[in-house]
Structures are given as structure tokens and as C-alpha cells.
Amino acid sequence: MSPDNTGEQQGGRFEKGRSGNPRGRPLGSRNSATLAAEALLEGEAEKLTRKCIELAMDGDTVALRLCLERIYPARKDRPVTFPLPPITSPRDAADIAAAVANAVAAGNLTPTEAVEFGKVIEIYVRAYQVAELDDRNVRLEQLSDEELMRIIRKGESTPPRLLTIGPR
């Protein structure tokens, strides 16, 4: 590495934590090697595909595998159905997690599929909690000042002290 590339020699040209290229690489821009390969293959795709099929038909196992992978690609995931308890609150998450664990134990789900189900359950619980919090906020906003003071004073024998911030 030349001394020009060391941090000591740069003399602070770039501010720490700030990119020298803040906009980054333009969207859709392509690597020069990819562009060169495309230029070489331009108009040859049909001939190359036909040749690959011919080689596969003649018994070339690599060409055969290539053709089969294009015809029938590896499946990323599969549809899974099994009965779940009703989902009516975040408390049901424990029952649902137990049902998922039982499905894994019974061999109806793989552990990886169970993890994905867990993510779905977690998303549901978070959404439910946010909606519930929003409902509480709406109810609080609808209370009058007198009702809020009554709630604050509940259980106190003396009125609460008011804190004043700033000049009087």
C-alpha cells in the first residue's frame, strides 16, 4: 500500500462518517464486465441454448443439469397448512407458538418453516399492540381535564404539586 493511501497522508480529505460519494452508485448502472459479456453474446443466445440442449441430449451431465435447473428450478418454500388456535390477542401468541412447536415435533413443519411462522406471529403481535396503544391514546385524548386530574389524584390525600418550568 502506498503512503498516499494511508489515513495519515490523506490529510482529512473526507470527514469521518461521511461518504466521498454520498449519492452512491447510480441505480441500474451495470458492471463493465457484465456489459462486455453481453456485447459478446448479443444475438448468440438462441444458438447457445440450442447447443446446450444438444449436449444434454447427447449425455453431457453438466449441460443436462443446466437445462433441468432452468426447466424445474429448486423450490424456495412450500405452502404449509395446519390448524392454529384463534388469534384474538397477543396472549394467544403462546398458544400459537406451542402449536407451531408441536407441528415441528410431529414432522409437519421443518424448523426453518417454524422460524418463518414465528416471524409472522411476532408481526401480528406487534401490530396488535400498536393498534391497542392507539386505542388507549384516543380514549385518553377524549377525557376532560377534570377526569384526568381525578385519575392523577386517585389514592392521594393531598392534591399533586404542579411543576412549573421557565420564568414565572
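Colleague: Which residues form a nonpolar patch on the surface?

Modeller: This is a predicted model. The patch has about 480 Å² of accessible area together. Its members are Leu 64, Leu 68, Ile 71 and Tyr 72.

Colleague: Is Leu 68 buried, partly exposed or exposed?

Modeller: Leu 68 is found in helix α4, residues 61–71. Its relative accessibility is 47%.

Colleague: How many disulfides does the structure hold?

Modeller: A disulfide needs two cysteine sulfur atoms within 2.5 Å. The sulfur of Cys 52 has its closest cysteine sulfur in Cys 67, at 3.7 Å. The number of disulfides in the structure is zero.

Colleague: Is Cys 52 buried or exposed?

Modeller: The cut-off for buried is under 20% relative accessible area. Cys 52 has 14%. Cys 52 is therefore buried.

Colleague: What does Cys 67 count as, buried or exposed?

Modeller: Cys 67 has a relative accessibility of 16%. The limit is under 20%, so Cys 67 counts as buried.

Colleague: What pattern does the chain follow along the sequence?

Modeller: The chain has zero strands. It has seven helices. Read along the sequence, the pattern is α-α-α-α-α-α-α.

Colleague: What share of the accessible surface of the chain belongs to carbon and sulfur atoms?

Modeller: Of the 168 residues, 10% count as buried. The accessible surface of the chain comes to about 15200 Å². The share from carbon and sulfur atoms is 56%.

Terms used: Residues are numbered from 1 along each chain as its sequence is written. This is a predicted model: local features need pLDDT of at least 70, side-chain atom pairs count only at pLDDT 80 or more; totals for chains, interfaces and linings use all residues. Side-chain values use heavy atoms; hydrogens and water are left out. Buried means under 20% relative accessible area, exposed over 50%, partly exposed in between (1.4 Å probe, protein chains only). Patches are made of residues with over 30% relative accessible area and no salt bridge: like charges are joined within 9 Å, nonpolar side chains (Val, Leu, Ile, Met, Phe, Trp, Tyr) within 5 Å. Accessible areas come from the Shrake-Rupley method with a 1.4 Å probe; for residues, only the protein chains shown count as cover. A salt bridge is a side-chain nitrogen of Lys or Arg within 4 Å of a carboxyl oxygen of Asp or Glu. Helices (H or I, at least four residues) and strands (E, at least two) are DSSP runs, numbered from the N terminus.
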